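Here's a walk through one protein model, going from a single residue out to the whole chain and back. Have the structure open while you read.

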Amino acid sequence: MGKHDDGRMGLVPALVRSTFLVNAVYAESGREHGLTPQQGQLLCVLMAQPYGMGELGATLGLAKSSLTGLVDRTERNGLVRREPDPQDTRAIRVTLTPEGSKLAEEFYAETCRRVGKLPAGLSAAELDTLARLLGRIVLDNKVPVVFLEEGSLADHER
């Protein structure tokens with residue numbers, strides 16, 4: 001065992017390593033649903049609403065060419081489609097197809113289940129503190145909504 005047997009480590013290594021942990025779970029869940037991590041992100045973002053390509057690129061942090069390739073591949077798989085933007089006839093929006101919506105919901109539910117198991121050793125109070133602190137970091141850094149709040153899926157379906 002090392003010097004951090006009590007679970008303590010510095011903030012930066014803890015955040016970076018937790019990112020790797022969540023990304024690994026996300027990728028594993030995606031593989032089981034036939035999705036790349038990027039396609040999984042795209043579907044989860046589109047669960048909330050259709051997006052224009054510019055908004056989608058900004059939300060996902062992708063350059064135009066990378067986003068176009070991602071949307072093209074996901075469209076070929078029948079999971080998303082491009083449609084005219086009702087507000088701007090020159091623009092298009094990307095939206096989930098019925099098959100994409102179903103797969104997104106399955107992927108989302110499975111990913112929530114798996115990520116939710118990661119802090120299983122924490123008490124209810126520790127979980128609340130962790131969620132509150134991570135939530136503040138996310139909000140303070142204006143991270144776009146790339147994954148719905150738990151419970152938002154049910155709200156979204158109404």
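## Starting at Thr59

Leaving aside residues up to four places away in sequence, Thr59 touches Val45, Tyr51, Pro144, Val145 and Val146, where a contact means heavy atoms within 4.5 Å. Thr59 itself sits in helix H3, residues 53–60. Helices here are DSSP runs of H or I with at least four residues, strands are runs of E with at least two, and both are numbered from the N terminus. With a relative accessible area of 16%, Thr59 is buried. For that label, buried means under 20% relative accessible area, exposed means over 50%, and partly exposed is in between, using a 1.4 Å probe on protein chains only.

A word on the ground rules: this is a predicted model, so local features need pLDDT of at least 70 and side-chain atom pairs count only at pLDDT 80 or more, while totals for chains, interfaces and linings use all residues. Residues are numbered from 1 along each chain as its sequence is written, and side-chain values use heavy atoms, with hydrogens and water left out.

## The chain as a whole

Zooming out, the protein chain has 7 helices and 3 strands. Reading along the sequence gives the pattern α-α-β-α-α-β-β-α-α-α. Along the principal axes, the C-alpha atoms fill a box of roughly 60 × 30 × 30 Å.

Of the 158 residues in the protein chain, 28% are buried. Take the contacts with a separation of 6 or more: 56% of them are between residues 24 or more positions apart.

## H3 against H4

Back to the helix that holds Thr59. H3 packs on helix H4 (residues 64–76) at an angle of about 105°, with the axes 10 Å apart. The axes are lines fitted to C-alpha atoms, for helices over the stretch in contact, and the angles run from 0 to 180 degrees between N-to-C directions. That makes H3 roughly perpendicular to H4. The cut-offs are under 35 degrees for roughly parallel, over 145 for roughly antiparallel, 65 to 115 for roughly perpendicular, and oblique for the rest.

Which residues meet here? On the H3 side they are Met53, Leu56, Gly57 and Leu60, and on the H4 side Leu67, Thr68, Leu70 and Val71. By class, the contact of H3 with H4 has 6 nonpolar, 2 polar and no charged residues. In this scheme Ala, Val, Leu, Ile, Met, Phe, Trp, Tyr, Cys and Pro are nonpolar, Asp, Glu, Lys and Arg are charged, and the others, Gly among them, are polar.

## H2 against H5

Helix H2 (residues 37–48) and helix H5 (residues 98–117) have axes that come within 9 Å and cross at roughly 105°. H2 and H5 are therefore roughly perpendicular to each other. H2 brings Gly40, Leu43, Cys44 and Met47 to the contact, and H5 brings Gly100, Leu103, Ala104, Glu105, Phe107 and Tyr108. The contact of H2 with H5 divides into 7 nonpolar, 2 polar and 1 charged.

Also in H5 is Ala109, which counts as partly exposed at 42% relative accessibility. Ala109 and Ser29 are 80 residues apart in sequence, yet 9.9 Å apart in space, C-alpha to C-alpha.

## Rings and cysteines

How many aromatic pairs does a search of the whole structure find? It finds 3, counting rings of Phe, Tyr and Trp (its six-membered ring) whose centres lie within 6.5 Å. Ring pairs link Tyr26, Phe107, Tyr108 and Phe147 into a cluster.

The structure holds 0 disulfides, a disulfide being a pair of cysteine sulfur atoms within 2.5 Å. Cys44 is in none, and its nearest cysteine sulfur, that of Cys112, is 7.9 Å away. Cys44 is buried at 2% relative accessibility, and Cys112 is buried too, at 15%.

## Out in the loops

Gly121 has its place in the loop between H5 and helix H6 (124–140), and it is exposed at 76% relative accessible area. Gly121 and Asp72 are 49 residues apart in sequence and 41 Å apart in space, C-alpha to C-alpha.

Further along, Lys142 is in the loop between H6 and helix H7 (152–157). Lys142 is exposed, with a relative accessible area of 71%. Its phi is near 50°, a positive value in a residue other than glycine. Most residues other than glycine have a negative phi.

How values were computed. Phe/Tyr/Trp six-rings, centres within 6.5 Å; stacked < 30°, edge-to-face > 60°.
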